[in-house]
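Hi everyone, thanks for coming. I have one structure to share today, so let me put it up on the screen.

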Amino acid sequence: WYQSCWSLAVAPDDNVVMAGGVTGAVNFGGALLSGVSEDLFVAKFAPNGSHAWSRRFVSNDSQDGAAVFVAPDGHIFLAGAANFHGKSDVLKGILG
């Protein structure tokens with residue numbers, strides 16, 4: 001079981017966004033996020049450190065968030081690695 005933050009970014013409004021990988025259950029201050037394997041996560045925190053939101057992208061295979069960037073307009077960009085031999089909700093989480 002582990003939680004690893006691989007990347008942090010500070011948004012123009014001073015919010016902090018972090019991305020990485022997690023196994024087991026994790027809570028960044030919002031709802032408990034559970035999964036079945038090594039999963040990618042993204043979490044956003046207000047300038048005072050309070051939890052804004054967090055998302056775990058669940059898959060039967062491993063995935064990690066390796067880099068996060070917040071554009072001047074506030075859009076969040078994420079890069080990482082994934083093994084998709086089964087079902088994943090990464091695109092659903094991003095697009096839907």
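I'll go through the sheet, then one tryptophan, then the nonpolar cores.

Before anything else, please keep in mind that this is a predicted model.

Let's begin with the sheet. It is open, has 4 strands in the order β1-β2-β3-β4, and its pairing is antiparallel. Which strands stand at the edges? Those are β1, residues 3-10, and β4, residues 51-57. Each has a single partner strand, so one side of each is left without a neighbour in the sheet. From one strand to the next, the twist averages 15 degrees.

With a relative accessible area of 33%, Trp 53 is partly exposed. What does Trp 53 touch, leaving aside neighbours within four places in sequence? Its contacts are Val 42, Ala 43, Lys 44 and Ile 76. Ala 31 is 22 residues away from Trp 53 along the chain, and their C-alpha atoms are 8.9 Å apart.

Finally, the cores. The largest nonpolar one has 9 residues, including Leu 40, Val 42, Phe 57 and Val 68. At least two residues of this core come from each of β2 (16-22), β3 and β5 (63-70). Apart from it there is another core, of 8 residues, and our friend Ala 43 is among them, as are Met 18, Leu 33 and Phe 45.

Methods:
Residues numbered from 1 in each chain as written. Predicted model: local features only at pLDDT ≥ 70, side-chain atom pairs only at ≥ 80, totals over all residues. Heavy atoms only, no water. Pairing = 2+ DSSP bridges. Axes fitted to C-alpha atoms, helices over the stretch in contact; angles between N-to-C directions. Buried < 20%, exposed > 50% of the residue type's maximum accessible area, 1.4 Å probe, protein only. Contact = heavy atoms within 4.5 Å. Core = buried A, V, L, I, M, F, W, Y, C linked by side-chain atoms within 4.5 Å.
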